[in-house]
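We'll go from stop to stop, picking residues and looking at what surrounds them.

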Amino acid sequence: MSSPLPTHARAVVIGGGIVGVSVAYHLVRRGWTDTVLLERKQLTSGTTWHAAGLVTKLRATLNMTILAAYAEELFRDVERETGLSTGFRTTGSILVARTEGRWTEIKRGISMGRVCGFDVEVIGATQAKRMWPLMDESGIVGAAYLPADGVANPSDATLAIVKAFRGRGGQAFEHTAVTEVLTKDGRVTGVRTEAGDITCEVVVNCAGMWARELGARNGVRIPLHAAEHFYLVTEPVPDLPSNLPVLRCPDDTAYIREDAGKIMVGFFEPGAKPWGMDGIPDDFAFGQLPEDWDHLAPFVELAARRLPLLRDIGIRLFFNGPESFTPDDRYILGEAPGLGGYFVAAGFNSVGFQSGPGAGRAVADWIVDGHPSMDLSEVDINRFMPFQVNRRYLRERTTEVLGLLYDMHWPFRQVETARGVRRTPFHDRAAAAGACFGEMAGWERANWYAPAGAEPRYEYSYGRQNWFEWSAEEHHAVREAVGVFDQSSFGKLLVAGRDAEAVLGRICANDVAVEPGRIVYTQWLNERGGIEADVTVTRFDETRFLVVSAAADEIRDRTWVEAHIPADAHCFATDVTAGWAVLNVQGPRSRDLLSRVSPADFGNAAFPFGMSREIELGYGVVRASRVTYVGELGWELYIPSDLAGHVYDELIGASEGFGLRLAGYHALNSLRVEKAYRHWGHDITIEDTPLEAGLGFAVAWDKAGGFIGRDALLRRRDEGIVRRLVVFTLDDPQPLLYHNEPIWRDGVLVGKTTSGWYGHTLGRAVGLGYVDAGAPGAATPEWLLGGRYEIEIANERVPATPSLRPLYDPRGERIRA
C-alpha cells in the first residue's frame with residue numbers, strides 16, 4: 001500500500017525522468033532527506049523511457065564534459081547501493097569524419113579531451129573498420145576512439161536511482177500531477193496536487209516537455225519546445241558482437257549502436273519537425289508519434305552509406321518520440337529570476353540521459369549550498385531574454401536546433417531561423433553599408449562589413465574565413481584612424497534611489513562613491529570571491545548610476561542587483577537597454593571627428609579618461625563616456641533612441657577625411673584580445689577571482705563598508721594564488737586560436753585557453769588562458785614566464801610566448817592620448 005502524500009517537505013521535485021530523479025537523489029545524498037519526487041504519470045514516461053541509452057562524455061567545454069562524465073559514476077554508485085542493474089557497460093565510441101572540416105573539429109575535441117583527462121585515441125579508417133566490421137570505411141578522413149564511453153538502459157537506470165533515493169529517506173509518488181506551484185512575497189511556498197498541497201522551501205521543475213507550460217503559470221519563462229526525434233531498430237543481426245563501440249557519424253547525421261543483437265540507428269537531421277505546438281496532451285506518457293518515412297528517407301540513405309546492411313535488413317521498429325529543445329541547443333538550469341526557491345532543470349536537447357545525472361547533482365548542490373559549485377553560465381536560465389518563450393519563435397528555431405547537434409560547429413557559426421527579433425535603431429543603415437549580422441540575445445548585430453560588390457554572408461571554416469581580411473581592415477582603421485561600432489545591444493541598468501550608492505558599494509569590488517560624471521570599472525563578486533559580473537558603473541548624480549554589461553548578461557546582472565537590494569533600502573533597478581542606442585567611436589582620430597559634430601571640448605584637461613557627461617551633437621543632446629574596450633582613444637555615445645538616426649547621420653556625414661570605417665563585433669574581439677581585456681563567461685567566471693584574473697587593480701580593498709567577497713579575497717591574497725591568467729602569442733603567425741586549447745609548459749599540461757583570436761596589429765594569434773602552478777603561492781611572475789610554452793591546436797602543439805601584460809600598448813598611453 002502506497003504511503004499518503006505528505007503535507008510538508010523541504011524540497012519538491014516535479015518530474016520522474018532521469019533528470020528529476022537525479023536531482024532528488026542528490027538532494028537526499030546531501031542531507032535533504034525530506035525531499036519529495038512527484039511524477040504526473042509513471043516514472044520514465046515522457047522522454048526518458050525512449051532515450052537511446054548513450055553514455056558519451058566529451059562535450060564542447062570543460063564543465064559540460066564534467067557533468068556528462070559523471071553519469072557512469074552515478075550508475076555504478078546506485079548499482080552498489082541498490083543491487084539493481086542500470087545496464088551500464090563500457091563499449092567505447094568511435095567518432096568518424098568524412099570531411100576535412102569535421103576532422104579538424106574532432107581533433108579539437110581530442111585536444112579538449114586531454115584537458116578533461118580523457119583517453120582519446122586517433123585511429124585511421126582501417127582500424128575503425130576492424131572495430132566495427134559492418135561499417136563501410138570508404139571516404140573516412142579521420143576517426144577518434146573514446147574507450148571510456150558506453151551505454152546503459154534508461155528505464156533501468158532511472159528506477160535504480162529512484163530506489164536509491166527512497167533508500168536514503170526520500171519519497172516518490174507516481175500519478176500525482178502538480179497543478180500549481182504556490183508562492184508568496186516572491187518565494188515558493190509549496191505545490192498543489194489533486195491529492196493535496198505540500199508546503200516546501202524549494203521546488204525543482206524537471207517536467208521535461210511540460211516544463212514551459214508549468215513555469216508559465218508562475219511567470220517563469222522556460223524557453224523550450226518539443227521536436228520529433230527518430231531512430232530505427234533492425235531485425236536481429238546474426239553473430240553481431242555485443243561489445244561494439246557506439247559509432248557516431250555526424251556527417252551522416254546518425255549514431256549507430258548494438259542493441260540486444262540488433263542495430264539501432266538514430267538521427268539528428270536538419271529541418272526537424274516541431275511537435276506539440278498547441279501544448280503537450282495531458283494523457284501523453286509512453287506515446288509514440290506517427291512514422292514519417294518521407295521525412296527520414298534521405299537520412300536513412302546517408303546512414304546506409306556508412307552501414308550498407310541497412311539497405312538489406314528488415315526494420316523491426318521505426319520509432320518517433322518527442323524530446324525538448326532550447327533556442328541555443330543548451331539545457332536550462334538554475335533558480336528562476338524573480339521567484340526565490342523555484343529551480344529549473346529542463347530542455348536537454350536529446351542529451352538528458354547522458355547529462356542529466358551530472359546536471360541533477362549540480363542543481364542539488366546549488367540548492368543546498370546556495371550557489372552553483374562550478375561555472376554554469378552557459379546553461380543558466382538567466383541567459384534567456386523574455387521574448388524567447390514566444391511559441392512561434394520556439395517552433396521555428398526548433399526546426400534548426402535538433403540538427404545542430406550533429407551539424408558542423410564552426411567558429412562564429414550563426415543560427416539561421418527565427419532571426420530579426422531585436423534590431424537596433426541603426427540596423428537598416430548598417431545593412432545598407434554591407435553589414436553581416438550575427439545574433440546575440442535576440443539582437444541583430446553587425447559582426448563585419450562586406451565591401452561593395454561582396455555578399456555579406458559567412459563562408460565557414462576553421463581557418464581564415466571569407467571575412468577575415470575585411471575585419472582586419474576594420475581593426476586597422478580603429479588602430480590608425482577611427483572606427484564606429486553599434487553597441488546598442490549592451491545591457492543598461494539604471495540603479496537609482498537614496499540608497500543606490502550604498503547598495504552598489506556593497507555589490508561592487510571597486511569604489512563607486514565617486515563624483516558625478518565618473519566611470520568606474522568593477523567586478524561583482526560572490527562570497528567566495530568569484531566573479532559574478534564584469535561591468536562599468538557611471539555615476540549620473542547623487543542618486544542615479546548606470547550599469548553597463550554585455551548583451552548576453554542583461555537579465556543575469558539585473559537579477560544579481562535585485563537580489564542584493566535590502567528590503568528596507570530605497571533603491572530601484574530599471575532595465576533601460578532599449579531606451580538608449582550606443583555608438584562607440586574609437587581610434588586616434590575620434591577626438592577630431594567628434595569635435596566636428598559637437599561644440600564640446602574633448603581635450604584631456606576638459607574630458608579625461610573615465611569621465612562621462614552630456615554633450616550637444618547635431619540637434620540632439622547625448623551622453624558621451626570616455627572609455628574603451630579596444631585600447632584606443634574613444635568615446636561611447638549614449639543616445640536617446642528617438643535621436644539615434646539623426647545622430648548617426650550627423651556623425652557619418654561629417655567623417656570625410658578621417659578614414660572612418662564602420663566596424664563589427666569580430667573587429668571588437670580582435671582589438672580587445674590584443675589589449676588582453678577580459679570577457680566575462682570566458683576569461684572570467686564565478687570560478688575565478690580578480691587576483692587570478694589579473695584584475696586586482698579594480699579592487700578597492702579598504703573602501704568603507706567593504707564589499708561582497710572581500711573576506712574570501714583577502715584569504716586568497718594571503719595564501720597566494722595557484723593559477724594566473726596569462727596572455728599568449730603564437731610564434732607561428734598562421735594558426736588561429738579560439739578557446740579551450742590545451743596549454744603545455746615544459747611538456748606538462750597546465751591549463752587551457754579561455755579566449756583567443758587573431759591580433760591583426762601584432763600579426764599573429766593571441767590567446768588568454770589560466771596557467772596552474774599546482775600550489776598556493778606558486779604562480780609567481782618568475783615561474784609563469786620562465787617555462788617553455790606550447791598551445792595545442794587540433795592535436796598539434798604550437799610554440800607560444802607568455803606575457804603578464806597586454807602586448808599592445810602595455811602602459812595604456814594611447815587610451816589617454
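Predicted model: local features only at pLDDT ≥ 70, side-chain atom pairs only at ≥ 80, totals over all residues.

Residues are numbered from 1 along each chain as its sequence is written, and side-chain values use heavy atoms, with hydrogens and water left out. Helices (H or I, at least four residues) and strands (E, at least two) are DSSP runs, numbered from the N terminus.

**Into the core**

Next, select Leu37, Phe75, Val204, Tyr331, Leu333 and Leu376. Of the 69 residues in the largest nonpolar core, these six touch the most other members. (A nonpolar core is a set of buried Ala, Val, Leu, Ile, Met, Phe, Trp, Tyr and Cys residues joined through side-chain atoms within 4.5 Å.) Helix α1 (residues 18–29) gives this core its largest share, eight residues. Apart from it lies another core, of 51 residues, including Trp680, Leu695, Phe728 and Ile793.

Zoom in on Phe75. Leaving aside neighbours within four places in sequence, Phe75 is in contact (heavy atoms within 4.5 Å) with Ile18, Val55, Thr86, Phe88, Ala152, Ala157, Ile161, Phe353 and Pro357.

Show α1 together with helix α8 (residues 352–369). The two pack at an angle of about 35°, with their axes 7 Å apart. Axes here are lines fitted to C-alpha atoms, for helices over the stretch in contact, and angles run from 0 to 180 degrees between N-to-C directions. The crossing of α1 and α8 is right-handed; a crossing is left-handed if the near helix is turned anticlockwise from the far one by less than a right angle, and right-handed if clockwise. On the α1 side, pick Ile18, Val19, Ser22, Val23, His26 and Leu27; on the α8 side, the residues in the contact include Phe353, Pro357, Val363 and Ile367. By class, this contact has ten nonpolar, five polar and one charged residues. (Ala, Val, Leu, Ile, Met, Phe, Trp, Tyr, Cys and Pro count as nonpolar, Asp, Glu, Lys and Arg as charged, and the others, Gly among them, as polar.)

Now pick helix α2 (residues 62–82) and helix α5 (residues 154–167). They pack at about 55°, with axes 9 Å apart, and are therefore oblique to each other. (Angles under 35 degrees count as roughly parallel, over 145 as roughly antiparallel, 65 to 115 as roughly perpendicular and the rest as oblique.) The crossing of α2 and α5 is left-handed. Phe75 turns up again here: α2 brings Leu74, Phe75, Val78, Glu81 and Thr82, and α5 brings Ala157, Ala160, Ile161, Lys163 and Ala164. The tally is seven nonpolar, one polar and two charged.

Ser471, Glu474, His475, Val478 and Arg479 of α11 meet His666, Ala667, Ser670, Leu671 and Glu674 of α16. That contact has three nonpolar, four polar and three charged residues.

**Loops and a strand**

Go to Ala676, in the loop between α16 and α17. Ala676 has a positive phi of about 60° although it is not a glycine, and at 2% relative accessible area it is buried.

What does Gln487 touch? Gln487 lies in the loop between β25 (482–486) and β26 (491–496) and counts as buried at 3% relative accessibility. Not counting residues up to four places away in sequence, Gln487 touches Val582, Asn584, Glu636, Tyr665 and Leu668.

Last stop: Gly266, in strand β17 (residues 262–267). Gly266 is buried, with a relative accessible area of 0%. Around it, leaving out residues up to four places away in sequence, Gly266 touches Phe230, Tyr231, Thr253, Ala254 and Tyr255.

Key: Buried < 20%, exposed > 50% of the residue type's maximum accessible area, 1.4 Å probe, protein only.
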